[in-house]
Amino acid sequence: MSRGGAGWCCLVLWLPACVAAHGLRIHDYLYFQVLSPGDIRYIFTATPAKDFGGIFHTRYEQIHLVPAEPPEACGELSNGFFIQDQIALVERGGCSFLSKTRVVQEHGGRAVIISDNAVDNDSFYVEMIQDSTQRTADIPALFLLGRDGYMIRRSLEQHGLPWAIISIPVNVTSIPTFELLQPPWTLW
């Protein structure tokens with residue numbers, strides 16, 4: 001999947017005029033940066049859901065990225081209290097993308113990042129679509145590569161941390177290319 005080409009202005013969500021004029025399309029990318037823990041202080045790429053969920057109306061300079069328990073987030077979350085007013089990191093599988101998004105929304109989450117359950121996936125973005133139930137979700141839902149999700153969770157486990165601190169969305173057009181720290185395992 002190419003990251004260049006026409007429509008570059010919409011590759012970054014934090015360009016309000018572009019979002020207002022064109023909205024988001026599936027091949028757009030959204031970027032977030034892990035601020036802590038430091039060993040994964042990279043800028044990660046995610047894709048928004050195709051036909052459900054909201055958009056970011058605010059840039060969060062520092063917000064918690066909380067791994068859901070259980071990771072698939074298909075029902076009640078044992079750590080739902082920590083997800084309230086934060087962003088949840090969940091794993092693909094067990095139920096639809098929309099169901100996961102609604103679970104996080106019901107726990108007061110501001111957004112959900114769903115990582116692929118294939119931890120070796122470092123290049124293929126899945127198209128997250130409606131599940132034909134006529135349900136809706138209002139919070140943003142993003143898809144993250146499996147390798148990225150795995151590395152974030154692994155770092156948190158190694159450091160004994162309950163969450164990462166992230167900045168989202170990140171405007172990568174304002175960062176010089178040589179300073180754009182992307183995860184070394186997904187460089188293209």
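# Notes on the predicted model

1. Let's start in a loop: glutamine 134 sits between S5 and S6. (Helices are DSSP runs of H or I with at least four residues, strands are runs of E with at least two, and both are numbered from the N terminus.) Glutamine 134 has a positive phi of about 70°, although it is not a glycine. With a relative accessible area of 74%, glutamine 134 is exposed. For burial, the cut-offs are under 20% relative accessible area for buried, over 50% for exposed, and partly exposed in between, with a 1.4 Å probe and protein chains only. Serine 132 belongs to the loop between S5 and S6 too, and its phi, near 65°, is also positive in a residue other than glycine. Serine 132 counts as exposed, at 67% relative accessibility.

2. Some ground rules. This is a predicted model, where local features need pLDDT of at least 70 and side-chain atom pairs count only at pLDDT 80 or more, while totals for chains, interfaces and linings use all residues. Residues are numbered from 1 along each chain as its sequence is written, and side-chain values use heavy atoms, with hydrogens and water left out.

3. How confident is the prediction? The average pLDDT (the predictor's confidence in each residue, from 0 to 100) is 86 for the protein chain, and 85% of the residues score at least 70. Residues 1-26 are the part to watch, with pLDDT below 50; this stretch still has 49 contacts in the model beyond near neighbours in sequence. A contact here means heavy atoms within 4.5 Å. Where pLDDT is low, the predicted coordinates should not be read in detail.

4. On the overall layout, the protein chain has four helices and seven strands, running α-β-β-β-α-β-α-β-β-α-β along the sequence. Of its 188 residues, 49% are buried. Among contacts with a separation of 6 or more, 69% come from residues 24 or more positions apart.

5. H3 is worth a look. Seven of its ten residues are buried, so H3 is largely enclosed by the rest of the structure. The buried ones are Phe97, Leu98, Ser99, Lys100, Thr101, Val103 and Val104, and they pack against H2, S4, strand S5 (111-115) and strand S6 (141-144). Just after H3, glycine 108 takes a positive phi of about 85°.

6. Which cysteines form a disulfide? Cysteine 74 and cysteine 95 do, with their sulfur atoms 2.3 Å apart; the cut-off for the pair of cysteine sulfur atoms is within 2.5 Å. Cysteine 74 is in the loop between strand S3 (60-67) and helix H2 (80-83), and cysteine 95 in the loop between strand S4 (87-91) and helix H3 (97-106), so the pair ties together parts that are 21 residues apart in sequence. The S-S torsion is about -95°, so this disulfide is left-handed. Cysteine 74 is partly exposed at 35% relative accessibility, and cysteine 95 is partly exposed at 25%.

7. The loop between S3 and H2 also holds glutamate 72, which is partly exposed at 34% relative accessible area. Leaving aside neighbours within four places in sequence, glutamate 72 is in contact with Glu91, Arg92, Gly93, Gly94, Cys95 and Lys100. Its C-alpha lies 5.6 Å from that of valine 90, 18 residues away along the chain.

8. Please check two cis peptide bonds. One joins glutamate 69 and proline 70, with omega about 0°, and proline 70 lies in the loop between S3 and H2. The other joins isoleucine 168 and proline 169, with omega about -15°; proline 169 is in the segment after strand S7 (164-168).

9. Glutamine 62, in strand S3, is exposed at 64% relative accessibility. Not counting residues up to four places away in sequence, glutamine 62 touches Leu35, Ile165 and Ile166. From glutamine 62 to leucine 35 is 27 residues in sequence and 7.9 Å in space, C-alpha to C-alpha.
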